[in-house]
Amino acid sequence: MGIESQHLEPSLDTIKALLILDNNGSRILSKYYDTSVSTFSTVQEQKKFEKNLFSKTHKANSEIIMFEGMTCLYKTNVDLFFYVIGSAHENELLLMSVLDCVYNSVSQILRKNVDRRSLLDNLEIVMLAIDEIVDNGIILEADPSALVARVALRADDIPLGEQTVAQVLQSAKEQLKWSLLK
């Protein structure tokens, strides 16, 4: 019985998982939306899946792979690997639009400095952005600039009492620089 003869029910649940791994295959951020898949049911199985997926993709030169019965799209940059995982029957273009949105949003949030350290320094904003892109496997947003505008916190908007010392010093430096340039 081929795919043509099967009747697939339409569903909004298109994303099975979203992962960001470092260049060693270690988890930085993961969101599993379909825990009914036996591969994703426990944390140990998730980490095993991540290690196997990383070992298959870290030296490959493509951006899509069929892995354990799922469609996995990925993108690399410096020391990070971004993955979007869907079912074997999912539209690859739809998954690629989610991957591009995740990658471009992270790139804009990190001001084009996409590496492990910058990502960890801004992890809370990146997590918020990913939650805005996909919720329980349902794609909510695919436009990176609209997403970044929604989740971005500027230091000017944060009350002085809630800013860290580094943020206050950075703000003071910028104000001094602009006053000297006038």
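Trainee: What share of the contacts in the protein with a separation of 6 or more comes from residues 24 or more positions apart?

Mentor: Contact means heavy atoms within 4.5 Å, and residues 24 or more positions apart account for 51% of those contacts. This is a predicted model, in which local features need pLDDT of at least 70, side-chain atom pairs count only at pLDDT 80 or more, and totals for chains, interfaces and linings use all residues. Residues are numbered from 1 along each chain as its sequence is written, and side-chain values use heavy atoms, with hydrogens and water left out.

Trainee: What makes a residue count as buried, and what percentage of the protein does so?

Mentor: Buried means under 20% relative accessible area, exposed over 50%, and partly exposed in between, with a 1.4 Å probe and protein chains only; by that cut-off, 40% of the 182 residues count as buried.

Trainee: Why is a set of residues called a nonpolar core?

Mentor: The name applies because its members are buried Ala, Val, Leu, Ile, Met, Phe, Trp, Tyr and Cys residues joined through side-chain atoms within 4.5 Å. The largest such core here has 31 residues, and F82 and V106 are among those with the most contacts inside it. Its largest share, 9 residues, comes from α2, where a helix is a DSSP run of H or I with at least four residues, a strand is a run of E with at least two, and both are numbered from the N terminus.

Trainee: Which residues does F82 contact, leaving aside its neighbours within four places in sequence?

Mentor: F82 is in contact with L19, I20, L73, Y74, K75, L99, V102, Y103, V106 and V114. A second, separate core of 16 residues includes L19, F67, C72 and Y83.
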